[in-house]
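Me: Got a model open here and want to walk through a few spots. Can you take my questions as they come?

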Amino acid sequence: AARTPAHDVLDVVIIGAGLAGLTAGRDLRRAGCESFAVLEARDRVGGRTLNHDLGNGYFSEAGGQWIGPGQTAIVDLCRELGVGTFPTYWQGKTTMLAGSARATQESDGGFGTDPALRHELEQMARLVPCGAPWTSPRAAEWDALSLADWLATKNLSPADQMSWVIGATLTAGAPPQKLSLLHYLGLINSAGCSYERLEAIKGGAQETRIAGGAQALSVKMAEDLKGKIRLSSPVQRIENWQNGPAAIHTPHGVIRARSVIVALSPALCHRIAFDPPLPEKRREMQRRWPAFAPMRKTAHVYKKAFWRDKGYNGWIVQAKGPVIWAYDNSPEDVSFGVINAFVNSGVLPSDPKAAEQELSRIYTQAFGEEALHPIAYHDHDWGKADKWSLTCTSPIPPGFLTHYGDALHPPVGRLIWSGTETADIWATAMDGAVRSGHKAALQALQALAPAAGRMK
Ligand SMILES: Cc1cc2nc3c(=O)[nH]c(=O)nc-3n(C[C@H](O)[C@H](O)[C@H](O)COP(=O)(O)OP(=O)(O)OC[C@H]3O[C@@H](n4cnc5c(N)ncnc54)[C@H](O)[C@@H]3O)c2cc1C
(Lines give C-alpha, C1' and ligand atoms only; values in the text may rest on other atoms or scores of the structure.)
Protein backbone atom coordinates (compact mmCIF):
# COMPACT_ATOMS: atom_id res chain seq x y z
CA ALA A 1 0.00 0.00 0.00
CA ALA A 2 2.96 2.29 0.64
CA ARG A 3 4.20 1.94 -2.90
CA THR A 4 3.25 4.12 -5.84
CA PRO A 5 0.56 2.12 -7.61
CA ALA A 6 1.56 0.75 -10.98
CA HIS A 7 -1.63 -0.88 -12.08
CA ASP A 8 -0.12 -3.23 -14.58
CA VAL A 9 2.49 -4.64 -12.16
CA LEU A 10 1.52 -7.00 -9.35
CA ASP A 11 3.63 -7.32 -6.22
CA VAL A 12 3.72 -11.12 -6.48
CA VAL A 13 2.73 -13.81 -8.96
CA ILE A 14 2.53 -17.34 -7.58
CA ILE A 15 2.89 -20.19 -10.07
CA GLY A 16 1.03 -23.35 -8.99
CA ALA A 17 -2.12 -23.78 -6.90
CA GLY A 18 -0.99 -26.84 -4.95
CA LEU A 19 -0.61 -26.75 -1.17
CA ALA A 20 2.59 -24.70 -1.44
CA GLY A 21 1.29 -21.99 -3.78
CA LEU A 22 -2.05 -21.62 -2.00
CA THR A 23 -0.37 -21.41 1.41
CA ALA A 24 1.87 -18.67 0.05
CA GLY A 25 -1.17 -16.78 -1.30
CA ARG A 26 -2.95 -17.11 2.01
CA ASP A 27 0.06 -15.75 3.90
CA LEU A 28 0.44 -12.79 1.54
CA ARG A 29 -3.18 -11.85 2.14
CA ARG A 30 -2.79 -12.26 5.90
CA ALA A 31 0.21 -9.92 5.75
CA GLY A 32 -1.92 -7.29 4.02
CA CYS A 33 -0.65 -7.83 0.49
CA GLU A 34 -3.54 -7.87 -1.99
CA SER A 35 -1.51 -7.30 -5.12
CA PHE A 36 -0.97 -10.91 -6.20
CA ALA A 37 -2.33 -13.65 -8.45
CA VAL A 38 -2.01 -17.44 -8.44
CA LEU A 39 -1.58 -19.00 -11.89
CA GLU A 40 -2.52 -22.67 -12.15
CA ALA A 41 -2.07 -24.86 -15.22
CA ARG A 42 -4.90 -27.28 -14.48
CA ASP A 43 -8.60 -26.53 -14.26
CA ARG A 44 -8.52 -27.46 -10.57
CA VAL A 45 -6.52 -26.68 -7.45
CA GLY A 46 -4.68 -29.16 -5.20
CA GLY A 47 -1.88 -30.40 -7.47
CA ARG A 48 -0.70 -33.76 -6.16
CA THR A 49 -3.70 -34.04 -3.84
CA LEU A 50 -6.83 -35.24 -5.62
CA ASN A 51 -10.16 -36.45 -4.25
CA HIS A 52 -12.27 -39.08 -5.98
CA ASP A 53 -15.87 -38.22 -5.27
CA LEU A 54 -17.65 -41.27 -3.83
CA GLY A 55 -20.97 -39.40 -3.46
CA ASN A 56 -22.87 -38.08 -0.42
CA GLY A 57 -19.89 -36.01 0.70
CA TYR A 58 -17.45 -38.94 0.83
CA PHE A 59 -14.09 -39.02 -0.93
CA SER A 60 -11.20 -41.38 -1.51
CA GLU A 61 -7.78 -39.90 -2.15
CA ALA A 62 -5.98 -40.55 -5.43
CA GLY A 63 -2.94 -38.52 -4.34
CA GLY A 64 -1.41 -37.42 -1.05
CA GLN A 65 -3.44 -38.43 1.96
CA TRP A 66 -1.61 -39.21 5.24
CA ILE A 67 -0.06 -36.99 7.85
CA GLY A 68 1.70 -37.87 11.09
CA PRO A 69 3.63 -36.78 14.18
CA GLY A 70 5.97 -33.84 13.67
CA GLN A 71 4.02 -32.58 10.67
CA THR A 72 2.85 -29.54 12.56
CA ALA A 73 2.47 -27.19 9.59
CA ILE A 74 -0.24 -29.24 7.93
CA VAL A 75 -1.95 -29.93 11.25
CA ASP A 76 -2.05 -26.17 11.89
CA LEU A 77 -3.51 -25.65 8.43
CA CYS A 78 -6.24 -28.25 9.07
CA ARG A 79 -7.12 -26.54 12.33
CA GLU A 80 -7.18 -23.05 10.79
CA LEU A 81 -9.43 -24.23 7.95
CA GLY A 82 -11.72 -26.20 10.26
CA VAL A 83 -10.86 -29.51 8.58
CA GLY A 84 -10.93 -32.55 10.86
CA THR A 85 -8.55 -35.50 11.04
CA PHE A 86 -8.99 -39.13 12.07
CA PRO A 87 -6.79 -42.19 12.65
CA THR A 88 -5.75 -44.48 9.81
CA TYR A 89 -7.16 -48.00 10.27
CA TRP A 90 -4.49 -50.66 10.71
CA GLN A 91 -5.78 -52.99 13.43
CA GLY A 92 -6.06 -56.66 12.48
CA LYS A 93 -4.31 -59.19 10.28
CA THR A 94 -2.19 -58.21 7.26
CA THR A 95 -2.40 -60.59 4.29
CA MET A 96 0.70 -61.61 2.32
CA LEU A 97 0.22 -63.20 -1.12
CA ALA A 98 2.76 -64.96 -3.33
CA GLY A 99 1.15 -66.72 -6.31
CA SER A 100 -1.51 -69.00 -4.83
CA ALA A 101 0.19 -68.99 -1.41
CA ARG A 102 -1.34 -66.86 1.32
CA ALA A 103 -0.28 -66.03 4.86
CA THR A 104 -1.50 -63.59 7.48
CA GLN A 105 0.21 -61.77 10.29
CA GLU A 106 -1.16 -59.62 13.11
CA SER A 107 -0.19 -56.00 12.40
CA ASP A 108 1.47 -53.70 14.90
CA GLY A 109 0.87 -50.69 12.63
CA GLY A 110 4.42 -50.62 11.26
CA PHE A 111 6.48 -51.86 8.37
CA GLY A 112 8.85 -53.29 10.96
CA THR A 113 12.54 -53.72 10.34
CA ASP A 114 15.32 -55.12 12.50
CA PRO A 115 15.68 -52.78 15.55
CA ALA A 116 19.50 -52.83 15.39
CA LEU A 117 19.46 -51.79 11.73
CA ARG A 118 16.88 -49.12 12.47
CA HIS A 119 19.02 -47.78 15.30
CA GLU A 120 22.10 -47.61 13.07
CA LEU A 121 20.19 -45.68 10.39
CA GLU A 122 18.83 -43.28 12.98
CA GLN A 123 22.31 -42.57 14.36
CA MET A 124 23.59 -41.90 10.84
CA ALA A 125 20.58 -39.67 10.11
CA ARG A 126 21.62 -37.36 12.95
CA LEU A 127 24.51 -36.26 10.76
CA VAL A 128 22.34 -35.40 7.75
CA PRO A 129 20.45 -32.07 8.05
CA CYS A 130 17.23 -32.69 6.14
CA GLY A 131 17.05 -29.22 4.60
CA ALA A 132 20.56 -29.52 3.15
CA PRO A 133 21.83 -33.14 3.18
CA TRP A 134 24.78 -32.12 1.00
CA THR A 135 26.26 -30.21 3.97
CA SER A 136 26.58 -33.38 6.09
CA PRO A 137 30.16 -34.12 7.14
CA ARG A 138 29.68 -37.61 5.60
CA ALA A 139 27.87 -36.33 2.49
CA ALA A 140 30.41 -37.50 -0.11
CA GLU A 141 30.68 -40.98 1.38
CA TRP A 142 26.94 -41.58 1.80
CA ASP A 143 25.87 -39.97 -1.46
CA ALA A 144 28.20 -42.31 -3.32
CA LEU A 145 26.13 -45.26 -2.06
CA SER A 146 22.62 -46.39 -2.81
CA LEU A 147 20.42 -47.48 0.06
CA ALA A 148 20.66 -51.00 -1.42
CA ASP A 149 24.50 -50.87 -1.30
CA TRP A 150 24.28 -50.20 2.40
CA LEU A 151 21.54 -52.80 3.04
CA ALA A 152 23.62 -55.40 1.15
CA THR A 153 26.11 -55.34 4.05
CA LYS A 154 23.35 -56.29 6.51
CA ASN A 155 22.48 -59.87 5.56
CA LEU A 156 18.73 -59.31 5.26
CA SER A 157 16.20 -62.15 5.01
CA PRO A 158 14.14 -62.31 1.77
CA ALA A 159 11.08 -61.10 3.72
CA ASP A 160 13.03 -58.09 5.04
CA GLN A 161 14.34 -57.33 1.56
CA MET A 162 10.79 -57.32 0.21
CA SER A 163 9.63 -55.06 2.99
CA TRP A 164 12.45 -52.59 2.16
CA VAL A 165 11.46 -52.55 -1.50
CA ILE A 166 7.82 -51.82 -0.60
CA GLY A 167 8.68 -49.23 2.04
CA ALA A 168 11.22 -47.34 -0.07
CA THR A 169 8.98 -47.40 -3.17
CA LEU A 170 6.04 -45.98 -1.24
CA THR A 171 7.98 -43.43 0.80
CA ALA A 172 10.73 -42.34 -1.55
CA GLY A 173 9.39 -43.33 -4.97
CA ALA A 174 11.90 -46.02 -5.93
CA PRO A 175 13.39 -49.29 -4.67
CA PRO A 176 16.56 -49.07 -2.53
CA GLN A 177 18.97 -49.64 -5.46
CA LYS A 178 17.81 -46.38 -7.07
CA LEU A 179 17.94 -44.21 -3.95
CA SER A 180 20.85 -42.28 -2.54
CA LEU A 181 21.68 -43.40 1.01
CA LEU A 182 22.28 -39.72 1.85
CA HIS A 183 18.80 -38.78 0.61
CA TYR A 184 17.13 -41.55 2.60
CA LEU A 185 19.01 -40.51 5.75
CA GLY A 186 17.81 -36.95 5.16
CA LEU A 187 14.22 -38.24 5.10
CA ILE A 188 14.76 -40.01 8.43
CA ASN A 189 16.32 -36.83 9.83
CA SER A 190 13.20 -34.96 8.74
CA ALA A 191 11.13 -37.35 10.82
CA GLY A 192 12.96 -36.37 14.02
CA CYS A 193 15.68 -38.96 13.29
CA SER A 194 13.13 -41.74 13.75
CA TYR A 195 12.74 -44.50 11.15
CA GLU A 196 9.39 -45.35 12.73
CA ARG A 197 8.07 -41.81 12.30
CA LEU A 198 8.96 -41.89 8.64
CA GLU A 199 7.70 -45.34 7.67
CA ALA A 200 5.09 -46.56 10.16
CA ILE A 201 1.35 -46.10 10.32
CA LYS A 202 1.09 -46.16 14.12
CA GLY A 203 3.30 -43.35 15.40
CA GLY A 204 4.44 -42.54 11.85
CA ALA A 205 3.78 -40.31 8.86
CA GLN A 206 0.81 -42.47 7.81
CA GLU A 207 -0.94 -42.32 11.18
CA THR A 208 -3.66 -39.77 10.43
CA ARG A 209 -6.10 -39.02 7.63
CA ILE A 210 -7.78 -35.78 6.66
CA ALA A 211 -11.58 -35.66 6.82
CA GLY A 212 -13.03 -34.95 3.40
CA GLY A 213 -9.74 -35.97 1.71
CA ALA A 214 -6.50 -33.99 1.50
CA GLN A 215 -7.60 -31.98 -1.54
CA ALA A 216 -10.24 -30.38 0.69
CA LEU A 217 -7.48 -28.20 2.17
CA SER A 218 -6.65 -26.68 -1.19
CA VAL A 219 -10.30 -26.31 -2.14
CA LYS A 220 -10.94 -24.39 1.10
CA MET A 221 -7.88 -22.18 0.65
CA ALA A 222 -8.99 -21.46 -2.92
CA GLU A 223 -12.45 -20.39 -1.69
CA ASP A 224 -10.76 -17.86 0.59
CA LEU A 225 -8.58 -16.65 -2.29
CA LYS A 226 -11.49 -16.22 -4.70
CA GLY A 227 -10.65 -13.76 -7.47
CA LYS A 228 -6.91 -14.30 -7.02
CA ILE A 229 -6.63 -17.70 -8.72
CA ARG A 230 -6.53 -18.10 -12.48
CA LEU A 231 -7.11 -21.72 -13.49
CA SER A 232 -6.13 -23.24 -16.86
CA SER A 233 -3.27 -20.74 -17.01
CA PRO A 234 -0.04 -22.66 -17.56
CA VAL A 235 3.02 -20.44 -17.33
CA GLN A 236 5.10 -20.97 -20.44
CA ARG A 237 7.77 -18.31 -20.23
CA ILE A 238 9.25 -15.82 -17.76
CA GLU A 239 11.20 -12.82 -19.04
CA ASN A 240 13.21 -10.19 -17.24
CA TRP A 241 13.38 -12.27 -14.05
CA GLN A 242 16.75 -10.76 -13.12
CA ASN A 243 15.85 -7.15 -12.33
CA GLY A 244 12.09 -7.19 -12.69
CA PRO A 245 9.33 -6.53 -13.10
CA ALA A 246 9.25 -10.07 -14.46
CA ALA A 247 6.99 -10.75 -17.45
CA ILE A 248 5.07 -14.00 -16.96
CA HIS A 249 3.56 -15.47 -20.10
CA THR A 250 0.49 -17.73 -20.19
CA PRO A 251 -1.74 -18.55 -23.18
CA HIS A 252 -4.06 -15.79 -21.91
CA GLY A 253 -1.48 -13.01 -21.96
CA VAL A 254 1.39 -11.50 -20.00
CA ILE A 255 1.35 -10.51 -16.34
CA ARG A 256 4.10 -8.43 -14.77
CA ALA A 257 5.21 -8.84 -11.17
CA ARG A 258 7.91 -7.63 -8.82
CA SER A 259 8.39 -11.10 -7.29
CA VAL A 260 7.55 -14.55 -8.61
CA ILE A 261 6.97 -17.54 -6.32
CA VAL A 262 7.52 -20.67 -8.38
CA ALA A 263 5.63 -23.32 -6.36
CA LEU A 264 6.43 -26.35 -8.51
CA SER A 265 8.76 -29.32 -8.45
CA PRO A 266 12.14 -28.49 -10.05
CA ALA A 267 11.31 -30.87 -12.91
CA LEU A 268 8.25 -28.78 -13.77
CA CYS A 269 10.25 -25.55 -13.45
CA HIS A 270 12.38 -26.96 -16.23
CA ARG A 271 9.38 -26.90 -18.57
CA ILE A 272 9.13 -23.12 -18.28
CA ALA A 273 11.31 -21.07 -20.63
CA PHE A 274 13.39 -18.43 -18.83
CA ASP A 275 14.72 -15.42 -20.68
CA PRO A 276 17.57 -14.81 -20.02
CA PRO A 277 18.43 -18.43 -19.20
CA LEU A 278 18.74 -19.36 -15.52
CA PRO A 279 22.21 -19.71 -13.98
CA GLU A 280 23.78 -22.87 -15.34
CA LYS A 281 23.78 -24.89 -12.13
CA ARG A 282 20.12 -24.16 -11.37
CA ARG A 283 19.22 -25.02 -14.98
CA GLU A 284 21.09 -28.32 -14.87
CA MET A 285 19.61 -29.18 -11.48
CA GLN A 286 16.09 -28.69 -12.88
CA ARG A 287 16.89 -30.60 -16.06
CA ARG A 288 18.24 -33.59 -14.18
CA TRP A 289 15.78 -33.55 -11.28
CA PRO A 290 14.68 -37.17 -10.76
CA ALA A 291 11.08 -36.83 -11.80
CA PHE A 292 10.09 -40.34 -12.66
CA ALA A 293 8.16 -41.78 -9.72
CA PRO A 294 4.64 -41.94 -11.04
CA MET A 295 2.20 -43.97 -9.02
CA ARG A 296 -1.07 -45.57 -9.86
CA LYS A 297 -3.63 -45.66 -7.11
CA THR A 298 -6.92 -47.56 -7.23
CA ALA A 299 -10.03 -47.64 -5.03
CA HIS A 300 -12.52 -50.52 -4.63
CA VAL A 301 -15.70 -49.37 -2.91
CA TYR A 302 -17.83 -51.97 -1.06
CA LYS A 303 -21.18 -51.73 0.73
CA LYS A 304 -19.42 -52.69 3.95
CA ALA A 305 -15.87 -52.93 5.30
CA PHE A 306 -16.55 -56.68 5.65
CA TRP A 307 -12.85 -57.57 6.10
CA ARG A 308 -12.82 -55.79 9.47
CA ASP A 309 -15.49 -58.20 10.78
CA LYS A 310 -13.21 -61.08 9.78
CA GLY A 311 -10.26 -59.64 11.70
CA TYR A 312 -8.34 -58.30 8.68
CA ASN A 313 -6.94 -54.78 8.57
CA GLY A 314 -7.46 -54.55 4.81
CA TRP A 315 -3.73 -54.58 4.04
CA ILE A 316 -2.36 -56.81 1.30
CA VAL A 317 1.25 -57.09 0.19
CA GLN A 318 1.89 -59.22 -2.85
CA ALA A 319 5.14 -60.70 -4.11
CA LYS A 320 5.46 -60.42 -7.90
CA GLY A 321 1.93 -59.21 -8.59
CA PRO A 322 0.22 -55.95 -9.42
CA VAL A 323 -0.42 -54.98 -5.79
CA ILE A 324 2.40 -53.13 -4.06
CA TRP A 325 0.27 -52.37 -1.02
CA ALA A 326 -3.49 -52.43 -0.57
CA TYR A 327 -5.03 -50.84 2.51
CA ASP A 328 -8.30 -49.92 4.16
CA ASN A 329 -9.31 -46.41 3.08
CA SER A 330 -12.88 -46.46 4.40
CA PRO A 331 -14.44 -43.22 5.62
CA GLU A 332 -14.23 -42.35 9.30
CA ASP A 333 -17.83 -43.42 10.01
CA VAL A 334 -17.30 -46.70 8.04
CA SER A 335 -20.70 -46.23 6.39
CA PHE A 336 -19.16 -48.26 3.54
CA GLY A 337 -15.82 -49.91 2.89
CA VAL A 338 -12.96 -48.83 0.62
CA ILE A 339 -9.80 -50.73 -0.27
CA ASN A 340 -7.23 -48.51 -1.93
CA ALA A 341 -4.07 -49.88 -3.53
CA PHE A 342 -0.76 -48.67 -4.87
CA VAL A 343 -0.30 -50.86 -7.91
CA ASN A 344 2.46 -51.76 -10.32
CA SER A 345 1.18 -50.07 -13.43
CA GLY A 346 3.22 -52.23 -15.80
CA VAL A 347 1.74 -55.44 -14.37
CA LEU A 348 -1.92 -54.40 -14.10
CA PRO A 349 -4.01 -53.94 -17.30
CA SER A 350 -4.36 -50.28 -18.18
CA ASP A 351 -8.06 -50.77 -19.05
CA PRO A 352 -9.88 -49.83 -15.81
CA LYS A 353 -12.54 -52.56 -16.12
CA ALA A 354 -9.92 -55.31 -16.59
CA ALA A 355 -7.82 -53.78 -13.79
CA GLU A 356 -10.82 -53.74 -11.46
CA GLN A 357 -11.55 -57.41 -12.16
CA GLU A 358 -7.97 -58.52 -11.66
CA LEU A 359 -7.70 -56.65 -8.37
CA SER A 360 -11.09 -58.01 -7.24
CA ARG A 361 -9.76 -61.53 -7.75
CA ILE A 362 -6.68 -60.71 -5.65
CA TYR A 363 -8.81 -59.19 -2.90
CA THR A 364 -11.02 -62.31 -2.99
CA GLN A 365 -7.94 -64.48 -2.45
CA ALA A 366 -7.12 -62.27 0.55
CA PHE A 367 -10.52 -61.60 2.13
CA GLY A 368 -13.07 -64.01 0.62
CA GLU A 369 -15.94 -63.97 -1.90
CA GLU A 370 -17.44 -60.66 -0.73
CA ALA A 371 -14.49 -58.90 -2.36
CA LEU A 372 -15.44 -60.02 -5.86
CA HIS A 373 -18.11 -57.37 -6.48
CA PRO A 374 -17.25 -53.79 -5.54
CA ILE A 375 -20.02 -51.21 -6.03
CA ALA A 376 -17.59 -48.69 -7.53
CA TYR A 377 -14.02 -48.53 -8.76
CA HIS A 378 -11.61 -45.63 -9.27
CA ASP A 379 -8.24 -45.68 -10.93
CA HIS A 380 -5.72 -42.84 -11.24
CA ASP A 381 -2.39 -43.34 -12.97
CA TRP A 382 -0.23 -40.28 -12.25
CA GLY A 383 2.26 -41.44 -14.83
CA LYS A 384 -0.27 -41.36 -17.64
CA ALA A 385 -2.92 -38.83 -16.73
CA ASP A 386 -0.93 -35.97 -15.49
CA LYS A 387 1.64 -33.90 -17.26
CA TRP A 388 1.32 -31.23 -14.56
CA SER A 389 2.70 -33.51 -11.85
CA LEU A 390 5.23 -35.78 -13.62
CA THR A 391 6.04 -37.39 -10.31
CA CYS A 392 4.55 -38.03 -6.89
CA THR A 393 7.80 -37.75 -5.05
CA SER A 394 11.49 -37.39 -5.90
CA PRO A 395 13.47 -40.65 -6.10
CA ILE A 396 16.87 -39.00 -5.61
CA PRO A 397 19.68 -41.26 -6.87
CA PRO A 398 23.27 -41.46 -5.60
CA GLY A 399 25.44 -38.49 -6.56
CA PHE A 400 22.65 -36.00 -7.17
CA LEU A 401 22.47 -34.07 -3.91
CA THR A 402 26.19 -33.49 -3.50
CA HIS A 403 26.37 -32.26 -7.07
CA TYR A 404 23.23 -30.14 -7.41
CA GLY A 405 21.74 -29.74 -3.92
CA ASP A 406 23.06 -26.23 -3.28
CA ALA A 407 21.14 -24.90 -6.32
CA LEU A 408 17.76 -25.98 -4.89
CA HIS A 409 16.97 -23.16 -2.44
CA PRO A 410 18.62 -19.82 -3.26
CA PRO A 411 16.30 -17.37 -5.03
CA VAL A 412 17.66 -16.00 -8.29
CA GLY A 413 16.75 -12.46 -9.32
CA ARG A 414 13.00 -12.03 -8.76
CA LEU A 415 12.37 -15.80 -8.62
CA ILE A 416 11.61 -17.49 -5.29
CA TRP A 417 11.55 -21.28 -5.36
CA SER A 418 8.83 -23.08 -3.44
CA GLY A 419 7.03 -26.47 -3.51
CA THR A 420 7.54 -29.41 -1.19
CA GLU A 421 10.93 -30.27 -2.74
CA THR A 422 12.35 -27.04 -1.28
CA ALA A 423 11.09 -27.54 2.28
CA ASP A 424 13.52 -27.49 5.18
CA ILE A 425 11.57 -30.25 6.95
CA TRP A 426 9.35 -32.97 5.49
CA ALA A 427 10.32 -32.23 1.90
CA THR A 428 8.32 -34.55 -0.41
CA ALA A 429 5.31 -34.54 1.97
CA MET A 430 2.23 -32.32 2.12
CA ASP A 431 3.60 -30.84 5.34
CA GLY A 432 6.75 -29.81 3.48
CA ALA A 433 4.62 -28.17 0.78
CA VAL A 434 2.83 -26.04 3.38
CA ARG A 435 6.13 -25.10 5.06
CA SER A 436 7.65 -24.14 1.72
CA GLY A 437 4.65 -21.91 1.00
CA HIS A 438 5.05 -20.09 4.34
CA LYS A 439 8.74 -19.56 3.66
CA ALA A 440 8.22 -18.32 0.11
CA ALA A 441 5.59 -15.79 1.20
CA LEU A 442 8.03 -14.42 3.79
CA GLN A 443 10.78 -14.20 1.20
CA ALA A 444 8.46 -12.33 -1.17
CA LEU A 445 7.38 -9.91 1.55
CA GLN A 446 11.00 -9.32 2.51
CA ALA A 447 11.85 -8.64 -1.12
CA LEU A 448 9.03 -6.08 -1.30
CA ALA A 449 9.84 -4.45 2.03
CA PRO A 450 12.80 -2.27 0.95
CA ALA A 451 10.71 -0.75 -1.84
CA ALA A 452 7.86 -0.03 0.60
CA GLY A 453 10.36 1.43 3.10
CA ARG A 454 11.73 3.88 0.53
CA MET A 455 8.27 5.34 0.00
CA LYS A 456 7.77 6.33 3.65
C1 LIG B 1 -0.09 -40.83 -5.28
C2 LIG B 1 0.50 -39.86 -4.29
C3 LIG B 1 0.53 -40.19 -2.96
C4 LIG B 1 1.07 -39.30 -2.02
N5 LIG B 1 0.97 -39.62 -0.69
C6 LIG B 1 1.30 -38.67 0.23
C7 LIG B 1 0.93 -38.85 1.60
O8 LIG B 1 0.25 -39.82 1.97
N9 LIG B 1 1.32 -37.90 2.49
C10 LIG B 1 2.01 -36.78 2.11
O11 LIG B 1 2.34 -35.95 2.97
N12 LIG B 1 2.32 -36.57 0.80
C13 LIG B 1 1.95 -37.47 -0.14
N14 LIG B 1 2.16 -37.23 -1.46
C15 LIG B 1 2.94 -36.03 -1.84
C16 LIG B 1 2.10 -34.75 -1.69
O17 LIG B 1 0.89 -34.90 -2.36
C18 LIG B 1 2.93 -33.59 -2.25
O19 LIG B 1 4.13 -33.48 -1.53
C20 LIG B 1 2.24 -32.23 -2.17
O21 LIG B 1 0.88 -32.29 -2.52
C22 LIG B 1 3.01 -31.26 -3.08
O23 LIG B 1 2.43 -29.97 -3.05
P24 LIG B 1 3.12 -28.79 -3.86
O25 LIG B 1 2.22 -27.62 -3.73
O26 LIG B 1 4.53 -28.66 -3.46
O27 LIG B 1 3.18 -29.28 -5.38
P28 LIG B 1 2.00 -29.71 -6.35
O29 LIG B 1 0.88 -30.33 -5.60
O30 LIG B 1 2.63 -30.52 -7.43
O31 LIG B 1 1.48 -28.33 -6.95
C32 LIG B 1 2.06 -27.72 -8.06
C33 LIG B 1 0.95 -27.09 -8.90
O34 LIG B 1 1.55 -26.38 -9.99
C35 LIG B 1 0.78 -26.61 -11.16
N36 LIG B 1 1.67 -26.36 -12.31
C37 LIG B 1 2.64 -27.16 -12.83
N38 LIG B 1 3.28 -26.55 -13.84
C39 LIG B 1 2.70 -25.33 -13.97
C40 LIG B 1 2.93 -24.23 -14.85
N41 LIG B 1 3.88 -24.24 -15.80
N42 LIG B 1 2.14 -23.14 -14.72
C43 LIG B 1 1.16 -23.07 -13.77
N44 LIG B 1 0.91 -24.10 -12.91
C45 LIG B 1 1.68 -25.21 -13.00
C46 LIG B 1 0.30 -28.03 -11.03
O47 LIG B 1 -0.82 -28.26 -11.82
C48 LIG B 1 0.03 -28.11 -9.53
O49 LIG B 1 -1.31 -27.76 -9.23
C50 LIG B 1 1.62 -38.08 -2.44
C51 LIG B 1 1.58 -37.73 -3.78
C52 LIG B 1 0.99 -38.59 -4.70
C53 LIG B 1 0.86 -38.15 -6.12
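Me: What does Val235 touch, not counting residues up to four places away in sequence?
Reply: This is a predicted model. In it, Val235 touches Ile15, Leu39, Ile248, His249, Thr250 and Ile272.

Me: Where is the place of Val235?
Reply: In the loop between β10 (229–230) and β11 (237–239).

Me: Buried or exposed, Val235?
Reply: Buried, because 24 other C-beta atoms lie within 10 Å and the cut-off for buried is 20 or more.

Me: Which residues does UniProt list for "binding site"?
Reply: The unreviewed entry lists Glu40, Ala41, Val235 and Glu421.

Me: Take Ala41. Which loop does Ala41 lie in?
Reply: The one between β2 (36–39) and β3 (51–55). Ala41 is buried too, with 20 other C-beta atoms within 10 Å. Leaving aside neighbours within four places in sequence, Ala41 is in contact with Ser233, Pro234 and Trp388.

Me: Switching to strands. Thr250 came up; what stands opposite Thr250?
Reply: Gly253 in β13. Strands β12 (residues 246–250) and β13 pair antiparallel over five bridges. They form a hairpin with two residues between them.

Me: How do β1 and β13 run?
Reply: Parallel, joined by six bridges. Leu10 stands opposite Ala257 there.

Me: And how many bridges join β13 to β20?
Reply: Four, and the two run parallel. Ile261 has Ile416 in β20 as its bridge partner.

Me: How many residues of β13 are buried?
Reply: Eight of the 11, so the strand, residues 253–263, is mostly covered.

Conventions:
Residues numbered from 1 in each chain as written. Predicted model: local features only at pLDDT ≥ 70, side-chain atom pairs only at ≥ 80, totals over all residues. Buried ≥ 20, exposed ≤ 12 C-beta atoms within 10 Å, placed from the backbone. Pairing = 2+ DSSP bridges. UniProt positions renumbered as here; feature names shortened; annotations may be inferred. Contact = placed C-beta atoms within 7 Å.
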